[in-house]
Amino acid sequence: MAEGLLEIKNLKTSFRIKDNYYAAVDDVSITVNKNEVLAIVGESGCGKSALAFSIMGLHNRAKIEGNILYKGHDIANISPAKLNKLRGNDMAMIFQDPLTALNPLMEIGDQIGEIVSLHNKNLSKSERKAKVIKLLNKVGIPHPERTYKQFPHELSGGMRQRVVIAIAIANEPELLIADEPTTALDATIQSQILDLLNELKEDMNAGIILITHDLGVVAETADRVAVMYAGQIVEIADVHTLFGDPQHPYTRSLLNSVPNAAKDQTKLHVIQGIVPSLQKLPREGCRFGPRIPWIDSSAHEDNPVLHEISPGHFVRCTCYSQFSFPEESKEDQSHGVS
Amino acid sequence: MWKFTVRRILIMIPQIFLLSILIFLMAQAMPGDALSGLIDPNLDPKEIAKMREKLGLNDEWYAQYIDWIKGAIQGDLGESFRFKMPVSELIEQRLINTFWLSVVTLIITYLIAIPLGITSGRFNDTWADRIITGYTYIGFATPVFIFALVMLWIFGFHYGWFPTTGSVKPGLEPGTFDYIVSKIYHMLLPAISLALITTVNTVQYLRSEIIDTKQRDFIITARAKGAPESRVYNRHILRNSLLPIAAFFGFEITGLIGGTIFVEQIFGYPGMGQLFYESILLRDYSVVTSVVLLFGIASILGALISDVILSLVDPRIRIK
């Protein structure tokens, strides 16, 4: 099928809290192909960003186990010099919050120019500027010459996100990680940014990891979707299967909590409880179990693993086969409201 | 930019005006007046009353104030009864002495603060950081006048490396090379003593700025660009951390005024601080008001310098 680009094997990223390490990413294995958008979804605190930061080698004090294989390098065990050659050149990242991701004291032109010249040392000043202007054009900034000389605070949020994207795509990376690139933006700008991402994928034949908790964004842009819960991947499938035939209780709960204009709903489904914090995470059994207490504990596996239920469609734990939403209690609640 | 600076300077006029009124009123509240130090105790009280009347000391306070401020604007700050000479002449040489002492102190302050602050901030929670923070805590807790005394005793008397009094070796021709060297030599120990104490503020400030900037999102952006650590520090973290330090510069001047009063007194350095201290003790009325006025103006100028520097280096508040 598609050509593999990035292969993550049994990745475990742990953070030290007081004297113990707690895994925020726990035994994640995943591949990203060229010319593919892999979406990673999940609630806040599920380890999505921790996974992205691990791939970019941006964790300072985390313990990283497992392998992140990219272009013959294992990013989990790589020298800083080699990592710096990859970062910004072969792989790049688009950050969540455009308001804080740019250096407030540097002109836009210099911020983009920096990544250009870091990986092309013998570029002349005018060549560099020409390339930056081209990039600004590419991400749809209306007056590149003017923006080149501007500071971040002089630009709107949408414009700044475009600058952040321009930085990420400056050296045409083959792997692009977009960490919630649209959460800080309003809806119209959101779709422009997503269109831009799609164009870039086609242009550069790149693999894109799109991290988001917005299922609308996923449906619009992704080719494959991995659902993450509490540091683990609980379901992975291509986008049509995932939306058409979701299996894992968590995936189904997530999809069920999105308002649907076609259905006549009085009340939205709410997933009980919250994502447990790192220290309180259940490390044994089905991690989602505590949030679906009406499902009998015998439905869960003792040591949940990913099952391939159809080609390319993996689901963790056996509880999916016995899962249903508690219809009665839901009706009770809706009566209470109306 | 110019508009901002001009506006900022215009604000200073009412500030200085208010300051002068305050100083004048406080001086009025002091026991004695401009005449009391000049009076010969054997003089006939009637003569004294006459003199008072003649000098306008029985006028309403505002009339006296206007009289005083008129003179001050023209450079006439009254007469010192102790030195029997015009205050403006008296102050001139001492002002120059204090100015250079402050400049040398500031240079030493930053020579200490910047490397220590950077080391401490970059390698926070290491042994180097602990030693530096330890020093800053000692610095915070040590009064300048005690520390200056200890320094004077050790390096001035015990080892004899530095002169213990004065601002220049007597008998040298002003303007010659030897004269300048001697001036700097005399300044060194007081400046080092003062700087070692006052610098701890800046060290701590720079340290916390760097630790703060290190965790900002744009630093992650810089790393993700593939910038090596040295570049991340020099281009991104340092510049953003030094900004508030630059703004702090003006207030450093204000702090120095307090410091020089002690240090000049201890090192017998003929500057404004020493003059101020001695004039208060001797109730040299016109000198005290003049010196306080100048100190006040220096503080206001310090704040102005801070604002202008900040507007120069921070594009966010640069006003076009």
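Between which strand and which helix of chain A is Ala76(A) found? Ala76(A) is found in the loop between strand E5 (73–74) and helix H2 (80–86) of chain A, where helices (H or I, at least four residues) and strands (E, at least two) are DSSP runs numbered from the N terminus. This is a predicted model, in which local features need pLDDT of at least 70 and side-chain atom pairs count only at pLDDT 80 or more, while totals for chains, interfaces and linings use all residues. Residues are numbered from 1 along each chain as its sequence is written, and chains are lettered from A and ligands numbered from 1 in the order in which they are written.

**Ala76(A) and its surroundings**

- Ala76(A) is buried because 20 other C-beta atoms lie within 10 Å; a residue is buried if 20 or more other C-beta atoms lie within 10 Å of its own, exposed if 12 or fewer, and partly exposed in between, with C-beta atoms placed from the backbone.
- Leaving aside residues up to four places away in sequence, Ala76(A) touches Ile64(A), Gly66(A), Asn67(A) and Ile68(A), contact meaning that the C-beta atoms of two residues, placed from the backbone, lie within 7 Å.
- A separation of 26 Å lies between the C-alpha atoms of Ala76(A) and Lys280(A), which are 204 residues apart along the chain.

**Positive phi values in chain A**

- Most residues other than glycine have a negative phi.
- Lys18(A), although not a glycine, has a positive phi of about 55 degrees, and Lys18(A) is found in the loop between strand E1 (4–17) and strand E2 (20–33) of chain A.
- Lys18(A) counts as exposed because it has 6 C-beta neighbours inside 10 Å.
- Glu172(A), also a residue other than glycine, has a positive phi near 45 degrees, and its place is the loop between helix H6 (157–169) and strand E7 (175–179) of chain A.
- Glu172(A) counts as partly exposed, since it has 14 C-beta neighbours inside 10 Å.

**Domains of chain A**

- Chain A is divided into domain 1 (1–90 + 175–338) and domain 2 (100–172), with bounds that come from an automatic or database domain assignment.
- The C-alpha centres of domain 1 of chain A and domain 2 of chain A lie 31 Å apart, and the contact takes eleven residues from domain 1 of chain A and 13 residues from domain 2 of chain A.
- Helix H7 (residues 187–204) of chain A supplies five residues, the largest share of the side of domain 1 of chain A that touches domain 2 of chain A.
- By class, that side of domain 1 of chain A has nine nonpolar, two polar and no charged residues; Ala, Val, Leu, Ile, Met, Phe, Trp, Tyr, Cys and Pro count as nonpolar, Asp, Glu, Lys and Arg as charged, and the others, Gly among them, as polar.

**Chain B as a whole**

- Chain B has eleven helices and two strands, and from the N terminus on its elements run α-α-α-β-β-α-α-α-α-α-α-α-α.
- The C-alpha trace of chain B spans about 85 × 55 × 40 Å along its principal axes, and of the 320 residues of chain B, 31% count as buried.
- Among contacts in chain B between residues at least 6 apart in sequence, 71% join residues at least 24 apart.

**Helix packing in chain B**

- The axes of helix H4 (residues 87–122) of chain B and helix H11 (residues 285–313) of chain B come within 10 Å and cross at roughly 50 degrees; axes are lines fitted to C-alpha atoms, for helices over the stretch in contact, and angles run from 0 to 180 degrees between N-to-C directions.
- That angle makes H4(B) oblique to H11(B), as angles under 35 degrees count as roughly parallel, over 145 as roughly antiparallel, 65 to 115 as roughly perpendicular and the rest as oblique.
- This contact is made by Val87(B), Leu90(B) and Ile91(B) of H4(B) and Ser286(B), Val287(B) and Ser290(B) of H11(B), which divide into four nonpolar, two polar and no charged residues.
- H4(B) and H9(B) pack at an angle of about 145 degrees, with their axes 10 Å apart, and residues in their contact include Arg122(B) of H4(B) and Glu252(B) of H9(B).

**Where the chains meet**

- In the contact between the chains, 16 residues of chain B meet 24 residues of chain A.
- Helix H8 (217–224) and helix H9 (229–266) of chain B are the elements that give two or more residues to the side of chain B that touches chain A, and H8(B) gives the most, with six residues.
- By class, the side of chain B that touches chain A has six nonpolar, four polar and six charged residues.
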